[in-house]
Amino acid sequence: EFYLVNGDNNSKLPISADVIQVPVKNIAALSISFIGAYQTLNSLNVIKAASSKQFIYNKKIIQGIENKSIIQVDYESGLSAESALSAEIELILFNGFGQPYPNEEKLKKLGLQCMSIYDWEETSPLGKAEWIKVFGALVGKSDVANEYFNQIEKEYFEIKRKSKMIHSKLKVI
């Protein structure tokens, strides 16, 4: 559970609360799908660390890795505290496969928040698409994310409606 706080308005939160100051300006995006989300939000500039470039299609991120303005992380847990601090990373986004991020407690003490993203567990296309709202909230672009999701949702239900018109036994998940 995370509390996204804009400014110093966290006086009413529990002492043990995991607080993320938003908007986040520097993110380690340790899954390729996170890059797509930030491209959709026109916020690639927040990515300061990313997965191995051999799996990345986005030319801007590849260029950033090549010119060393973006740290290349060959495996999800391969981002050292030292390199994260030198890149002024505020938030490490990673796929939560049931495990905490390595050295998460140490990183927290250094001011680096780790957030596991469970979009891969979604069983419906709309559930997967809805994660754009989380990515948008983190960088202060909730309005853009909501607008994008609403468009996806509208198109999804239109496809579903049309498929039933074509054949009543067609099923759109």
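This is a predicted model: local features need pLDDT of at least 70, side-chain atom pairs count only at pLDDT 80 or more; totals for chains, interfaces and linings use all residues.
Residues are numbered from 1 along each chain as its sequence is written, and side-chain values rest on heavy atoms, with hydrogens and water left out.

The secondary structure of the chain comes to 7 helices and 7 strands, where helices (H or I, at least four residues) and strands (E, at least two) are DSSP runs numbered from the N terminus. Read from the N terminus on, these elements follow the order β-β-β-α-β-α-β-α-β-α-β-α-α-α. The C-alpha trace spans about 60 × 45 × 30 Å along its principal axes. Of the 173 residues, 38% count as buried, a term that means under 20% relative accessible area, with exposed meaning over 50% and partly exposed lying in between (1.4 Å probe, protein chains only). Among the contacts with a separation of 6 or more, 40% are made by residues 24 or more positions apart, a contact being defined by heavy atoms within 4.5 Å.

Strand β3 (residues 27-29) pairs with β4 in the parallel sense over 3 bridges, two strands being called paired if DSSP finds at least two bridges between them. Within this pairing, I27 stands opposite I47 in β4. Strand β4 also pairs with strand β5 (residues 71-73), again in the parallel sense and over 3 bridges, and here S51 stands opposite V73 in β5.

The connections between these strands can be followed in turn. Together, β3, α1 and β4 make a right-handed β-α-β unit, where a crossover is right-handed if, with the strands pointing away from the viewer, the path from the first strand over the helix to the second runs clockwise. From β4 the chain then crosses through helix α2 (residues 59-66) to β5, and this β-α-β crossover is right-handed too.

Strand β7 (residues 113-117) is largely enclosed by the rest of the structure, because 4 of its 5 residues are buried.

The loops hold several local features. In the loop between β1 (2-5) and β2 (18-21) lies A17, which is buried at a relative accessible area of 18%. A17 and E1 are 16 residues apart in sequence, and their C-alpha atoms are 7.9 Å apart in space. In the loop between β2 and β3 lies P23, and the peptide bond that leads from V22 to P23 is cis, with omega near 0°.

The loop between α1 and β4 contains both N42 and S43. N42 has a phi near 55°, a positive value in a residue other than glycine, and it is exposed, with a relative accessible area of 64%. S43, by contrast, counts as buried at 3% relative accessibility; leaving aside its neighbours within four places in sequence, S43 is in contact with Y38, V139 and K141. A positive phi is also found at K68, where the value is near 70° in a residue other than glycine. K68 sits in the loop between α2 and β5 and is exposed, with a relative accessible area of 73%.

Finally, there is the largest pocket. On a 1 Å grid over the protein atoms alone, a pocket is an open set of points where a 1.4 Å probe fits, with protein on both sides within 12 Å along at least five of seven lines, and lining residues have an atom within 4 Å of a point. About 150 Å³ of space lies in the largest pocket, the volume being the space filled by probe spheres set on the points, which are joined across faces, edges and corners. Its lining consists of S33, G36, A37, T40, D119, K128, A129, W131, I132, F135 and Y148. The elements that give two or more residues to this lining are α1 (32-40), α5 (125-129) and α6 (132-138), and the largest share, 4 residues, comes from α1. By residue class, the lining divides into 6 nonpolar, 3 polar and 2 charged, with Ala, Val, Leu, Ile, Met, Phe, Trp, Tyr, Cys and Pro counted as nonpolar, Asp, Glu, Lys and Arg as charged, and the others, Gly among them, as polar.
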